[in-house]
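Visitor: Please show me the model, and let us go through the terms used for it.

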Amino acid sequence: MAQTSYNYKTYLGEAGGIADISPKAIVSRANGETGTAMAYGLGVVTGTAAGKEVVIPTSSSTAATFEGVVVNDRIHEQSMAGAVVINPKDTLGVMTWGRVWAQVKASLTIGFGDALYLIVSGANAGKFSNVSTDGIAIKGKFLGEVGSQDTALIELFNQAQEVPAEAEA
């Protein structure tokens, strides 16, 4: 049977999916990673070129360097195995505030309104948790339970995460 229609919407609960039509802000950035480790639904921080590129957080990342969550904007190709490939220097969308489906640490139990922490080290770097010892506090909250693909709906608040030290002087 031939395919006669195409659906361009992001499925509910898919990593990086925009939750609803509520107000939000999405900016364009480049993948500053040297490999293809970037993925939809990950939290990202400022890369080497501030305002131009983002990278997956590391143990030296702070709330002030948090930029947002990579959104599933459908501009990237899938590999033959079905994996999305976001190559280095590719443009991607980053939601800076709003509601988005984010990747979370496996086996996480969350509730509505739980605090939001960005994991900054290890295999889960870039994913979110509600455990304070897992990473850095992000101004936002969880809006529900963990989905079937280790994703959860989060809300990023429209406010500065932290004042950078150089701005205080």
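Guide: The secondary structure of the protein chain amounts to one helix and nine strands, in the order β-β-β-β-β-β-β-β-β-α from the N terminus. Helices (H or I, at least four residues) and strands (E, at least two) are DSSP runs, numbered from the N terminus. This is a predicted model, where local features need pLDDT of at least 70 and side-chain atom pairs pLDDT 80 or more, while totals for chains, interfaces and linings use all residues. Residues are numbered from 1 along each chain as its sequence is written, and side-chain values use heavy atoms, without hydrogens and water.

Visitor: How many aromatic pairs does the structure hold?

Guide: The structure holds one aromatic pair.

Visitor: What makes the rings of Phe66 and Phe128 a pair, and why is the pair called edge-to-face?

Guide: Rings of Phe, Tyr and Trp (its six-membered ring) pair if their centres lie within 6.5 Å; planes under 30 degrees apart count as stacked, over 60 as edge-to-face and the rest as tilted. The centres of Phe66 and Phe128 are 6.4 Å apart and the planes stand at 90°, so the pair is edge-to-face.

Visitor: Which parts does the pair tie together?

Guide: Phe66 is in strand E4 (residues 66–70) and Phe128 in strand E7 (residues 128–129), so the pair ties together parts 62 residues apart in sequence.

Visitor: Does Phe66 count as buried or exposed, and why?

Guide: Buried means under 20% relative accessible area, exposed over 50%, partly exposed in between (1.4 Å probe, protein chains only). Phe66 has 8% relative accessibility, so Phe66 counts as buried. Phe128, at 0%, therefore counts as buried. Of the 169 residues of the protein chain, 42% count as buried.
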